[in-house]
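This briefing concerns a structure of several chains, shown below.

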Amino acid sequence: MTEQIAVPFEQAPDRDTEIMTVNVGPHHPATHGVLRLVVDLEGELVREVRPVIGYVHTGIEKSCEDKSYWKVIPFVERMDYVSYFFQMEAFCGAVERLIDLEIPPRAKYLRTIFLELNRIHSHLVWLGTTALDLGAISMLWYCFRERDKILDLFEMATGQRMHTRYFQVGGVIEDIPVGFEAKCRKFAEEMPIRVGQYEDLLDRNEVFLQRTKGTGVVSRERLLELGVTGPLLRAAGDPWDLRKAFDYLVYPELDFKIPVGTVGDNYDRYRVRVAEMVESASIVRQCLDALPEGPYIADDRKYVLPPRSELSTSMESLIHHFKLVTEGYRVAPGEVYYSIEGPRGELGCFVLADGSAKPARVHFRDPSFVNLQSFRDMAVDGYVADMIASLGMLDPILGGVDR
Amino acid sequence: MSPAGREVTITIDGREVPAVEGEMLHDAARKGDVEIPYFCYEPKLGDPVGACRMCLVEIEGIPKLQTSCSTPVREGMVVHTRTEQVKEAQNSVVEFLLVNHPLDCPVCDKGGECPLQDISYGWGPGKSRVIDEKRHFEKPIELSPLVAIDRERCILCYRCVRFSQEVSEDAQLQLIERGDRTYVGTFDDRPYVAPFQGNITDICPVGALTNYTYRFRARPWDIEHAGSVCTICPSQCNVSFTVRDEKVKRVISRDNHEVDDGWLCDRGRYGFEMFDAPERVREPQLKGGAVSWEQALEAVAEGLRRAGGKVAAIAGDASNEEGFLLQRILRDALGSPHIDSRPSRGPKADVLRRLAEPNVSAKVRDIDEADAILVLGTDPLHSSPILDLRVRKAIRRNGAKLVVATERPTALDGGAEAIARYAPGQAAHFVGELASAIGGSDNVATPVAETLRDAGKVVVIWGERIAREDGAAEALLDVAAATNMSTTDGAGLLEIPDTTNARGLREAGCLPDAGPGLSDTTAGKSTEEIREALISGELTTLVLFGADPLRDFPDTPAWEEALTAADFVLTFSMHDNATTAKSDVVLPLETHAEKDGTVTHPDGRLQRVRPSASRPENVVPNILVLSELATKLGLDTGIDSQPTAFQALTNAVTLYNGIEDEQIGGRGLRWQDREGATSARTGTEQPGPGGPPEGGSPDTQRDAPISMVQPDPTPRGVASADPPSGGPSTAANGDLLLGTYRDLWAGPVTELNPPLKFLTPQQRVEISRTDAERLDLKSGDKVRVNGIEAEAHVKERVPAGVVFMAEGVSDGNANALLNGGPVQVKIEKLDEATA
Amino acid sequence: MSFDPKSASYLDSIEVVEVQRGPKPGGVGGAYRAFGETLRGLKTTMARLIEGPMTIEYPEEKTPVYPRFRGRHKLHKFEDTGLEKCVGCSLCAAACPADCIRVVAAENIPGDRVSAGERYAAVYEINLSRCIFCGYCEIACPFDAITMGHDYEMADYDRRDLIFTKEMLLAEPVERTPLKSEGE
């Protein structure tokens, strides 16, 4: 890896420089949230970095233990606030596996569409803010323009731009509205063109190249040791993607590629994510083409709310509605771990059921948290400016890290 | 149905479950952790009826499904509760029940805590097939002023009807009509009025029977349940307060088989609204004006110090800790031995010690297993309502023989094998006769004694008021000896005291001649002596803790005089009343929903009253008030909380030594049941059977099985100058003997309580038919009885020569007529015009 | 269902594409790119001019919302009778994950009815500073009495003013939020 820019401690030009400890954050635009970095600097070289987390600890996992399964859904969305659909899928999927509930095909396709839109959305937020850190301000506007289109799609279908609680155990809460399909297809077709524009701006931009190439390199082996997953691992050349590895939703039926990097530096990370956006747009198109007709949520009255039209006519439906809304369904004792490929890597949800209507434990394996561990390897012995680039390319969402 | 079946093993859903032969399959399944849905089954209500068909199970060898609630267990039974056949049956039953069930869940008070909802959700089909019109009834309508009935919601499980028929035995509720038009109702749609009607709202598995007091007040997710103890009467039923926004919204039973058997009387259930009555004392008052706590306590300390030992205290509605603190203040800070907790006279300490002996005390559950029950000098329905249900249950389910010996006809007379009536003031004499009759003598009490003699386990439920007569308590001990109580397990005496925590207060030391744990102490004055001493000026200062002498104590005029004569009266009271009006300082008392402390059940069970609702802003925990007061008077009690007070109490009271709060828990702990419980008495000697008393009066048994015991010509120790004698019933001059009783509904619980106000009793004179004819009275006539106006009420079962009037009513309180001895009353009929 | 990532079967089943590495930074190429690539980027930027503005002049102009948008709650009355649809059943309070709804029910007095059923909501409060706009209340309501409206301008100076009472929720919003049509 000749391109690697790192100065080992013993080769430092002036060894008599004092080590200075600098505090970065917790309120710092470049930390993408409230992350505090205690950095030992020797001149401009980072000798040690200690991320300090917990500033946005919300206790969501604990709160979930006090809520019925139904009410947990809007909670878990709010952990990693950029990939809300993924967390809903992780939780709902976990519960569906606990109660052995099969979701209808249309729901699977709809979920896939929204997950991939969310992936694009998450990568857009990453690209916009990271490019901003690296000095490319206009990227933010371009990325947020497309992000807004995705949010419009979310609003149109779910009623909310973020934290949509659209996924429910058994499927999705309501069908997509008229016109959504066309609008979504238009976006999915336009998105690769937009990605091309981003690439035009960044791919060969000298400043960007200087800042990213060879910085923050961590080997695939080291990343695997640290448990890092997602684009970071793929950028290091490991084609590990749960969408391919595990069989969930409709991914096995879709045709998409896994972009991988070769070096594992920040430039590869950028390239992998940008390429993933194109793949995701393709997945959305494929899903829209194959979207089957039929129910959007399972027809199991013990877990799924009855249709509203029956509330005024059917006693059974009214009682089931009442019980599901107030007390919620009970889940037989058991535990499950269900993981999916989030925009940042393996997003897993562990649910422990004790037979009551509330989960005994909900735990999320948040990729941001695990990935953040590799930050030291990226930053140490590099320049402090590269540390910022690496942190941006690491793409941690502190809401997910702290939970 | 015999509980003494042999152990068998049955198989439920492939699991081996131990069971007792003869018990119902449903119970065995429940013990084996197999859930079978049901609506109608409720062991508290007696034999199963299999009305709802929800508990159908498949039993191998029986082709059709069986109701598990009414199928007795047999060795080797193989049961399946989850097969397709069972599932289909359950689905069908629920679907059938829901066919006519209205879509009321959003407006129904039961919503969220409704067994029908739970079972429909758990075992029913998710979808409806029925599209037809549902059955309609007028709704909601008043079943009584306290209970609303919505007949559309009823699933005809029979529970309420069974309660009315088999538990409270008022037989008012019936199923009327047939088929889908069947409904629960009363004869001629009359209101269902009974003292236990609230229980039907607890047992109703749907929202058909709901409380008006809880109507739309809260939802299950709005509320918290706070387990505590009701201290409105000596039954001390375990209750659970439904609390919303820190206010009590409902009281429901907290099933404790040892105390209340899962039932609750309406006084305890609906009495909570008096907590927020406008008459509630919400802040300290000095001479009628509100003052700060500092000022009030300063005034109290000043007033008590000025008394210089000439101070007395009477505890009424108080917890053990409060009673203990109060007697410490009196004895240790003020140096006065004059403290009592009884409304009138009572036995001496040595007799109390003998009565407290564990081997002669019965516990509540002993009633269930008793062979014979004697109800002596009390009507449980009025004085401890829940025991009325308990006695009925013993007769109905266990075939116990009941004997009633009282002045006034009781609600239990109907089920009694033998009844004796003695004249007011003759209790001591009667009990003495009874003891000798059990021993073999032939006297007035023989018909009663015959049932008790050699009966096996005899439980005597006796009213504290008989012990106001000298010698009655001793005679009672003779009865105990004559029936071999001390050597028979499950036999014993069970007192129904006049006040809620009478036993706890006595054991905490609120007695003139006994300190904490009934220990020996300097003798002081008892309640009546305190009254006389206040009038004579021997005592100048009085502390009343939760006692209302002007309503509850005999001889109201004397008490008025005493309170007026006193220099300084400090009253702790929950509500403003006549007594507080005559007090110098009034301090607010906590309600039992606010209090933190322990009380002692008449059978010796320590129970914990837990704070459940918020106090009004200026009401301070009474323990703290008392300990602050003690400090001001120079006594450092070291008590600053309930735990420290409880610690001090258990240290000082030998009977309670070493009892920990955790041992009391939610179910209470009988101190007698503890390992190594010591008796209060030192130098125990078994009381010998009383010899036949002298001068037994001739038996004038009127009508079997009622034995009418005539007043003894030479009553023992009763200060009556003019004992009624002569004719079979009436005194020569036409005067009648007055008997009094405390009405269940008399008191603030009805007067200050909007939902129960309609039950507020008016004074009425219960008079026998003979006397009524002689005086030309019929029911409803207005009469004047020694100055008190009342309504005549001719009652068949009232013995001739006696009239009965209620104590504690607001107008014409019979306590005003009492003067410590037998009272003759003259009855004047009032014209309509003068009335 | 899952298999070893290193296994041949996993690698066979996926289509891996290696991303391009781009030019090596610095050197002569770097000097060229500092100008050339920047100009090419500017071309991309300039080309966007024809796309017109993406922004609007808020607050003069309000962002229109979709019909499904979940904004401030509204309580509804029956149009014909004027009675409140809400019967105070508290299902919304039970469903609320944020516990921001408080309902105290009371009984309708014949002759002075507030709602159509036996009971009505004497107190109905939503603490909008706690609300997470999940819309579960709307889903829970069996009578369509509460719906999520389209108002999104709810900022205030005092948290106490964010506790909306029944009267506030029943009142029509002064300014209607513009609505996007389906498919717009």
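The contact between chain B and chain A takes 15 residues from chain B and 13 residues from chain A, two residues being in contact if their C-beta atoms, placed from the backbone, lie within 7 Å. The model is predicted: local features need pLDDT of at least 70, side-chain atom pairs count only at pLDDT 80 or more, and totals for chains, interfaces and linings use all residues. Residues are numbered from 1 along each chain as its sequence is written, while chains are lettered from A and ligands numbered from 1 in the order in which they are written.

**Chain B with chain A**
- Helix 3 (residues 115-123) of chain B provides the largest share of the side of chain B that touches chain A, namely three residues; helices (H or I, at least four residues) and strands (E, at least two) are DSSP runs, numbered from the N terminus.
- By class, this side of chain B comprises six nonpolar, eight polar and one charged residue (Ala, Val, Leu, Ile, Met, Phe, Trp, Tyr, Cys and Pro count as nonpolar, Asp, Glu, Lys and Arg as charged, and the others, Gly among them, as polar).

**Chain C with chain A**
- Here 45 residues of chain C are in contact with 52 residues of chain A.
- Helix 2 of chain C gives the most to the side of chain C that touches chain A, with eight residues.
- That side of chain C has 25 nonpolar, eleven polar and nine charged residues.
- Strand 8 (residues 257-260) of chain A and strand 1 of chain C run parallel and are joined by four bridges; two strands pair if DSSP finds at least two bridges between them.
- Val260(A) has Glu18(C), in strand 1 of chain C, as its bridge partner.

**Fold of chain B**
- Chain B contains 25 helices and 38 strands.
- Its radius of gyration is 28 Å, close to the 28 Å that the globule rule gives for 835 residues, so chain B is as compact as a globular protein of that length (the radius is taken over C-alpha atoms, and the rule is 2.2 Å times the number of residues to the power 0.38).
- Of the 835 residues in chain B, 58% are buried, that is, 20 or more other C-beta atoms lie within 10 Å of their own.

**Nonpolar core**
- The largest nonpolar core has 422 residues, and Ile373(B), Val403(B), Val431(B) and Leu434(B) have the most contacts inside it; such a core is a set of buried Ala, Val, Leu, Ile, Met, Phe, Trp, Tyr and Cys residues joined through C-beta atoms within 7 Å.
- The largest share of this core, 13 residues, comes from helix 4 (residues 105-133) of chain A.

How values were computed:
A residue is buried if 20 or more other C-beta atoms lie within 10 Å of its own, exposed if 12 or fewer, and partly exposed in between; C-beta atoms are placed from the backbone.
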